Amino acid sequence: MQKIYCHSDMRALKFLERFTSTQVHALNPVETSSGKTHGGVSRAKLNSQLLKSFKSNSKLKSFNSSVSVTEALLLPYGLPSTDLIEPTIEPHLKPIDFVEILSDLYRRLESCESQSDRSLLFVEQYSLLRSLGDPKLLRRCLRAARQNAVDVNSKVVLSSWLRFERREDELSGMSALDCGGQVLECPKIALEYGYDPNLISTHCQCDQDQIEASNVPSWNENECVNLEQKESDVTFCIGNEEINCVRCKIAMLSSPLKTMLYGSFKESRKGKIDFSENGISVKGMRAVEVYSRTRRLDLFSPGVVGELLCFANRFCCEEMKSACDAYLASMVDNIDDALVLIEYGLEEMAFLLVAACLQVLLREFPNSLYDPKVMKFLRSSKTRERLAMAGHGSFLLYYFLSHVAMEESMVSTTTVMLLERLEECTTQRWQKTLVLHLLGCVLLERREFKDAQYRFLAAVEAGHVYSVAGVARTKYKQGQQYSAYTLMSSIISEYKPAGWMYQERSLYNIGKEKISDLSTATELDPTLLFPYKYRAIAKVEEKQISGAITEIDKTIRFKLSPDCIELRAWFFLALADYESALRDIRVLLTLEPNYMMFHGKTRGDYLVELLNHRVKQMTEADCWMHLYDQWSSVDDIGSLAIIHQMLRNDPGKSLLLFRQSLLLLRLNCQKAAMRSLRLARNNASSDHERLAYEGWILYDTGNREQALSKAEKSIHTNRSFEAFFLKAYVLADASLDPESSSHVIQLLEEALKCPSDGLRKGQALNNLGSIYVDCGKLEEAANSYLCALDIKHTRAHQGLARVYHLKNQRKAAYEEMTMLIEKAQNNASAYEKRSEYCDPEMAKKDLDMATELDPLRTYPYRYRAAVLMDEQKESEAIEELTKAIAFKPDLQMLHLRAAFHESSGDLSSALQDCQAALCMDPNHTDTLDLYNRARD
């Protein structure tokens with residue numbers, strides 16, 4: 001491939017020379033310890049100058065005059081520069097042919113008979129699907145892995161992982177060992193060996209076990225002593241102390257003891273046996289005697305039970321050892337005890353105790369990451385070896401540990417060390433590939449370019465082509481720009497082109513070729529953010545800031561990314577549009593409360609304080625009015641900013657936090673949404689409110705039955721809008737028969753009778769209309785939608801349009817959707833829906849607009865493909881879907897393409913698409929039917 005660049009003509013020589021310019025590195029890091037930039041300006045002094053200069057400048061309209069304001073505001077950072085941005089190398093597996101890999105994985109799952117192997121296959125599936133960024137899909141993988149787990153180690157890790165994904169640690173009043181009724185996360189069940197096929201349908205009995213434990217009568221130690229005094233026929237001497245025992249009872253503890261007491265040894269003929277040299281104390285031997293008769297351990301302290309465990313190991317008392325192991329395991333409930341007892345468990349090979357200690361450490365994550373003692377223990381290579389001997393130093397354990405560490409910090413030493421331990425645990429090719437790529441990403445972030453390059457190269461040799469991007473980046477960072485360019489060019493020539501290939505090559509290209517690569521990247525994968533960011537910043541450098549905002553808006557419409565929101569805020573500051581800048585910074589802080597702006601040098605909340613001096617302050621009443629306006633215009637970003645402002649004045653108001661979570665879910669920001677929902681739960685002012693929020697948390701994390709139970713408890717406590725609405729919402733999520741629909745209608749009507757604000761009542765009326773439509777009650781549905789519109793619930797236009805459509809009033813339906821498009825700020829879905837109510841030509845225009853506004857919406861691709869199929873253009877129809885599947889492997893698109901392949905007689909391709917789709921959802925009925933037909 002490099003022959004292309006070996007021509008001896010002048011043009012080629014000049015082209016090569018252009019790559020030899022001095023490289024500008026991405027960031028100018030801050031010395032956090034001293035609070036200074038590398039320019040030597042202290043942060044406090046800088047902030048003081050910044051605030052002083054900002055207050056003294058008036059708002060100027062023209063671009064030239066706004067530059068002075070911007071310089072005063074952002075000095076010494078200036079405006080963003082194209083030299084200072086680059087895309088991250090994604091820390092995930094990213095196969096060249098994603099569909100083929102998923103298909104192969106599904107086939108292996110189908111043929112796998114071992115439950116433990118199936119569990120590990122689901123973990124592999126998790127690692128593959130992480131690149132899609134779908135939390136529900138990833139949770140399903142972890143749940144399946146946990147459900148199929150057999151050994152205690154896997155159960156402990158996976159139950160802790162599921163708990164971590166729900167961020168249960170952020171719920172106040174919950175201890176690390178609380179499972180909240182989640183059977184797959186229950187710490188007690190995790191310590192039970194074996195596979196339970198009915199596990200998912202059972203309920204956790206932790207609460208009931210606690211009640212039963214409290215009712216167990218305590219044993220009287222004197223009673224045990226009296227029994228011992230009456231029946232003793234052998235005495236064990238330790239020093240000057242004598243412990244009377246029952247010979248046959250001691251003998252029953254193990255074969256060695258039986259041989260000693262009844263065999264040919266001299267002890268069998270003695271009434272007194274000296275045990276002084278056997279490493280057990282008087283108290284310990286008394287405990288052995290009591291245990292030999294009662295098989296009870298609850299009379300003794302953990303220290304004494306530890307002695308019993310040591311005694312059991314020495315004399316091969318397997319039953320006693322198991323009992324002591326289990327008893328000590330049940331006693332571990334805090335990190336300090338866990339760190340002590342895990343050492344003891346490893347020494348005595350008490351595997352259940354080790355598992356229980358590990359479980360406490362893991363269920364405290366991510367907080368455990370910041371405990372030096374915990375990290376000293378887990379990061380050690382020696383610890384991994386010792387854990388492996390006890391059956392716990394697994395790939396799964398260190399995959400979870402490194403996953404959490406990377407989420408907390410990509411550049412910490414802890415992250416590197418845990419990944420190195422993970423590398424030591426790899427046994428399969430995909431594991432090795434994953435770890436090498438992850439280490440490459442982390443070392444790249446740490447600017448250890450040679451080591452990163454070595455890891456990326458090894459990942460490439462293992463078959464992970466995407467790691468070539470990491471190799472190219474490390475070459476570039478070491479001044480080998482031309483080498484990086486030729487490497488990416490060879491990849492583009494060798495493999496089917498993908499958006500990331502052209503995006504990566506654009507970094508090493510120049511001039512028009514660079515812009516061409518970015519355009520091709522966007523064409524192949526319109527969801528890549530870097531090309532939009534580069535083009536936007538390039539416009540800023542050309543003093544076209546309004547154009548830059550238009551460009552970056554393209555990404556914000558389909559993905560609310562913190563870095564894109566930051567850029568837009570930066571652009572608004574350049575225009576001296578402080579209100580818009582403040583709005584975006586508020587949204588940014590909603591997504592990431594501790595966000596550092598301007599290359600990590602300025603806190604976002606500091607800028608909020610700064611900008612508050614330049615905008616008109618609103619009262620609480622003004623905020624509520626403004627929130628209604630934003631909500632009615634379907635401006636979710638504007639609504640988020642208003643709620644953030646209201647929470648600054650009342651940070652513990654659960655109602656606002658709950659509204660915030662709803663908006664974030666609508667914007668597909670699930671991580672931030674769940675954080676807001678947990679805060680709403682923690683700040684709830686009443687039990688019924690807390691129960692309702694807990695129900696929403698459970699529902700949003702896939703625990704439908706538990707969510708329903710919380711809703712019913714909340715209603716029993718107090719009949720509130722949120723409790724009724726939650727119950728109706730959860731029930732409506734299932735396929736509704738007429739009786740169930742009637743029940744949901746009753747619940748929504750009860751909700752509407754309860755006090756609430758217009759924002760929520762509008763949503764309840766909208767949902768009520770939807771249920772009425774499903775029941776065929778069109779007049780009632782229309783009335784519900786009109787009532788919702790009366791209180792400015794603009795989304796009700798869509799439901800009303802559906803009613804008109806069902807009444808064969810297509811024109812009225814079209815006009816209704818047109819009104820929604822005109823009112824809504826976020827209207828990609830409205831264009832998509834309106835396409836159903838117009839002629840094919842207009843429908844195509846609407847769907848093209850929907851794709852332009854939000855390339856992640858799959859219906860337009862499927863519709864266009866179906867139209868082509870109807871026109872007998874089979875290859876074009878399949879290609880339409882293939883282009884979209886390349887950047888969004890969606891279940892529905894895979895199913896449709898499989899159907900097209902079946903129709904055209906390509907059964908092998910149909911099978912592959914079905915298998916890939918079923919890998920994402922094994923219960924998708926239509927795909928299962930198609931798959932079975934294709935196999936027959």
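In this predicted model, the buried residues of helix 26 are Gly499, Trp500, Met501, Tyr502, Gln503, Glu504, Arg505, Ser506, Leu507 and Tyr508. The helix spans residues 499-508, and because 10 of its 10 residues are buried, helix 26 is largely enclosed by the rest of the structure. The elements that cover these buried residues include those in the table.

| Element covering helix 26 | Residues |
|---|---|
| Helix 24 | 467-477 |
| Helix 25 | 481-494 |
| Helix 27 | 511-524 |
| Helix 28 | 530-541 |

The nonpolar cores come next. The largest nonpolar core contains 140 residues, and Phe236, Phe275, Phe311 and Met320 have the most contacts inside it. Helix 20, residues 395-408, gives the most to this core, contributing 10 residues.

Which residues does Phe311 touch, leaving aside its neighbours within four places in sequence? Phe311 is in contact with Leu257, Phe275, Ile280, Met285, Val288, Cys317 and Met320. Two of these partners, Phe275 and Met320, are also listed with Phe311 among the residues with the most contacts inside the largest core.

Arg139 is buried but has no salt bridge. A salt bridge requires a side-chain nitrogen of Lys or Arg within 4 Å of a carboxyl oxygen of Asp or Glu, whereas the nearest side chain of opposite charge to Arg139, that of Glu165, is 6.7 Å away. Leaving aside neighbours within four places in sequence, the contacts of Arg139 are Leu162, Gln670, Asp700, Thr701 and Gly702.

Key: Residues numbered from 1 in each chain as written. Predicted model: local features only at pLDDT ≥ 70, side-chain atom pairs only at ≥ 80, totals over all residues. Heavy atoms only, no water. Buried < 20%, exposed > 50% of the residue type's maximum accessible area, 1.4 Å probe, protein only. Helix = DSSP H or I, 4+ residues; strand = E, 2+ residues; numbered from the N terminus. Contact = heavy atoms within 4.5 Å. Core = buried A, V, L, I, M, F, W, Y, C linked by side-chain atoms within 4.5 Å. Lys, Arg positive; Asp, Glu negative; His and termini not counted.
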